[in-house]
Structures are given as C-alpha cells and as structure tokens.
Amino acid sequence: MAESCSTEIESTILLHSWTVKNFSNLRPDMMLRSTVFSGVVQGVGECMMIEAYAVSTHVPRSRLHAEIILECNNGNITNPKCSGTIEAGAQIGGSMRLLRSSVNSYLVKDGTLTLGFKLTLFEEIRDGIPQQRLAFLPDVLLLDHYAALLACDKFSDVTFVIGEERFCAHKAILAVRSPVFAAMFDHDMQESKENTVKITDIRPEVFREALRFIYTGSVEQIELLADELLIAAEKYALDNLKRMCEDHLAMVLTVELSTEMLRLADTYNANQLKQQTIDFISANLKEMKPADWKSLIAANVDVAAEMIAKMAVTK
C-alpha cells in the first residue's frame, strides 16, 4: 500500500506600531517596555538596543515558524529582524542593534520615535488536521499567577535562608527549571530531608531576582544586579538568565569596566560575554590604562594570550 503525506503552510501577519513620545529625553540607562510585545528599547552609547519577543499560540499537531521585522519605511536602515521555530507555549524574538544616529535621522520626528513591527507566523500543518481547528491564545495571567505563588508562603515546601532573610518556594517548580535544584531535591541530601537550604554566597536581593526568573522568566533589577545574577545563573544552571545577563553586560561595556568584565566572564564560563569583551578591548586598547592591562595579564595569562591572538588576526 502506498503511503502519502501532505504539509500545508499558512501564514498570519500581525502589525504593531509603537510610539515613544519625547524620545529625545531618553537617558542611556532608561529602559522602555512595549505593552504588546515583550519589547524593550534602551539607549547605550552610540547604539540603541530593541528587544522584541512574541509568544506562540497553541495549535494541536503543528509547529510555528515566526519572524519579527522592525520595519523602517525610509532612510538607509537595513531592516533588522529575528526569526526561528517555536513550539506551542514558547516565544520567538531577540535583540536588534541600531546606530543611535540612524534612529535619530530616520525614525525620530519632532522628538517622537515610531517603531513598526511586523510579526509573521508561518504555521506548519500536517496531514489530518481538520479545517476547523481551534487556536488558543496563551493565558496572559499565567506569569502573574506564578509571581503571586512566589510571593505567598502557601503550599511552599522548601525554605531558603540567607542571613536573616527567608524565601519560601516550591520544589517542583525549582526542579523543573534548574537541574541543580533537581539534583539537590532528588538525592538524599540534608536540604531534601529538612526542606531548608542555607545560602551564604549570594546576597538576598540577588537570590530574590533569581527566584523571580525561575517563576516568571523575567527579572526587574538586571540593570543593578546583572553581574551577581550571572554568577547565580551559573551556579544554578539557569542558562536563559545567564544569557540575559551577558547581553546586558555587553551593552554597558566601558573601557573602565572591561578588564573586570573579562575576569567575570572567564571565571563563570560566560563565553559570549567573554568574546564580546575581548573584541571591545582589542578595539579600544589605546584608551586602556597600562595598569589595567598589566593586571589583566597577571591575573590570567591564558585570557591575555587569547586576546593578543584575536588582535593579531584583526589587524
């Protein structure tokens, strides 16, 4: 008997316009958030970072390919975009970097920034899916409910003690989000028996943000705690939190911070941040203080050698 199958591709286009009034007053350390996309605009030096994320819908027996394009109707800006494949309940998106001068020239008028986003969902429908299928929008209150669960002691079954502060949490949530916590609670360890975990190497405010990420996938104080959050993310194998911290720290790199940032990245296996910092130092070596350069070589000969090799290649 001959076998056959078919696949149909359907596309849905969603347009979103985001207007930021008085954009000219935006300080480099300010972050603006869209109400539609999980979007962020942040100015950093000569560049501006735009983050655009969208959450998929749930369609039985299908996959969604998605592409988000920042539409620029005029000027010489190449349309930045991010794309990928998402399963039901996941998200698609990424960061787009634009020169601040280009933004001011082509996207800002009378002090108002206007961004146009075009989200295209390509739905892969395999044979046997009915014509009249149901599509369910994601529960917009889901993350709010998890945040409320974190803020409430009810139903919690593990307590973290940091100095005088105590944080109540839920083993099941921690275990599914972190393989480190999963191993901790799965084995016959003292923490598993007593349902109490003492932490001495993370500050309370940092651990609070790490817990917020575990429960909601977001953090509120990354601008202040990115370096310490990166260390916590490495400790508990929170890869997405680590990536968020690396992205933020790369955005705020300065000559003064570069050597310390390189040490941080090398010590805690932040390879993306490490490479970006090496590139930054190589491009700004003349502006560095001799003492910083000497301390870098003395602290880590291997990293210094890697950076010198990088400089030799780029010349």
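1. Two strands are taken to pair if DSSP finds at least two bridges between them, and strands (E, at least two residues) are, like helices (H or I, at least four residues), DSSP runs numbered from the N terminus. In this predicted model, local features need pLDDT of at least 70 and side-chain atom pairs count only at pLDDT 80 or more, while totals for chains, interfaces and linings use all residues. Residues are numbered from 1 along each chain as its sequence is written, and side-chain values use heavy atoms, with hydrogens and water left out.

2. Strand S10 (residues 158-162) and strand S11 (residues 165-169) run antiparallel and are joined by five bridges, with Ile 162 having Glu 165 in S11 as its bridge partner. The two strands form a hairpin with two residues between them, and in that turn Gly 163 has a positive phi of about 60°.

3. The protein chain as a whole contains 12 helices and 12 strands. Of its 315 residues, 40% count as buried, a term that means under 20% relative accessible area, with exposed meaning over 50% and partly exposed in between (1.4 Å probe, protein chains only).

4. Taking a contact to mean heavy atoms within 4.5 Å, 63% of the contacts in the protein chain between residues at least 6 apart in sequence join residues at least 24 apart.

5. No disulfide, that is, a pair of cysteine sulfur atoms within 2.5 Å, is present in the structure. The sulfur of Cys 152 has its closest cysteine sulfur in Cys 168, and because the two are 9.2 Å apart, they are too far for a bond. Cys 152 is partly exposed, its relative accessible area being 35%.
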